[in-house]
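Biologist: Please take a close look at the aromatic rings here. Keep it brisk.

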Amino acid sequence: MLGGMLHGMRARCGPLLLALGCAFAMPAVQAAEPVPDTDIWLKVRESFFGARPIRTDADEVIRLEAPYRAQDAATVPVAIRTGISQAGERYVRTVYLIVDRNPSPIAAIFRFTPDSGRAEIETRIRIEEYTPVRAIAELSDGELYGSARFVKAAGGCSAPAGKDPDAALARLGRMKFHLDQSVVLGEPNLAQLMISHPNHSGLALDQMTRLYVPAYFVRTINVTYAGKPVMSAEVDFSISENPNFRFYFVPREEGELKAEMVDTKDLKFEYLLAVRRGLATKAGE
């Protein structure tokens, strides 16, 4: 679904190498600025949603959190909050994360299920120039809701990798889960998935060779618990180095939390965590 219209743009870049245990710091107050309807957003909107109405006046359904002015354009923290219960017949099925003025504007498409508990996600993104950032939620009944923020950041997609290339390749595909709190069965539990991957953007210049580092990045992520889908994502190079995601899952009984990742070279990696009542982990474990 991320192909077609945007395939050529995103082929130039890839995700970046992520530091394990990173924090998602959000500003306490965000400055208000009108979010314009850019030409690329109008094209994306037509391509993905057609003429279907998108409500943007319901923060209780979906709310995007992002800094007004980012400290680092290569690692801009964003959080998508939703207020729809995943337990009923009407729940959040898909969330689209869109960065209008990035070379590839579709940063990610996240999919959730009732076993997600909450259809919420936190991650870090790269921003190439001042831009609107949008989160669009599609509910199981087909209704669409949106939230947007204007973010002042520049140069994130073309910034050089923050880690040593050889060290990054040595850790290629390693994944970890971090559970902030002790596991409570039958309730939404917050988890963090940390992935080590060079995630070359394709837009960064190698200072030694003066050539662009070829694009190479994580493409898909699939998280299950006890064999049931919890969260899946199609991601692009707008996601920062070492993709890092915070999400919820509902362990109805003790079982395995499993992450599967595939990159643009079709290399596949997986990681398992045995979950039991009361389990908690540290970021470095």
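Which residues form one aromatic cluster?

Modeller: This is a predicted model. Phe48, Phe49 and Tyr96 make up one aromatic cluster. The structure holds six aromatic pairs. The cut-offs are centres within 6.5 Å and, for edge-to-face, planes over 60 degrees apart. Phe48 belongs to helix α2 (residues 39-49), while Tyr96 belongs to strand β4 (residues 92-99), so this pair ties together parts 48 residues apart in sequence. Both ends are covered by the burial cut-off of under 20% relative accessible area. Phe48 has 14% relative accessibility, so Phe48 counts as buried. Tyr96 is buried too, at a relative accessible area of 5%.

A further pair is Phe110 with Phe245. The ring centres of Phe110 and Phe245 lie 6.1 Å apart and the planes meet at 70°, so this pair is edge-to-face. Phe110 sits in strand β5 (residues 106-112) and Phe245 in strand β13 (residues 244-249), so the pair ties together parts that are 135 residues apart in sequence. Phe110 and Phe245 are both buried.

Next, charges over rings. Arg118 lies over the face of Tyr248, 4.6 Å from the ring centre. Lys265 places its charged end over the ring of Tyr216, at 4.2 Å from the centre of that ring.

Methods: Residues are numbered from 1 along each chain as its sequence is written. This is a predicted model: local features need pLDDT of at least 70, side-chain atom pairs count only at pLDDT 80 or more; totals for chains, interfaces and linings use all residues. Side-chain values use heavy atoms; hydrogens and water are left out. Rings of Phe, Tyr and Trp (its six-membered ring) pair if their centres lie within 6.5 Å; planes under 30 degrees apart count as stacked, over 60 as edge-to-face and the rest as tilted. Helices (H or I, at least four residues) and strands (E, at least two) are DSSP runs, numbered from the N terminus. Buried means under 20% relative accessible area, exposed over 50%, partly exposed in between (1.4 Å probe, protein chains only). A charge sits over a ring if NZ of Lys or CZ of Arg is within 6 Å of the ring centre and within 35 degrees of the ring normal.
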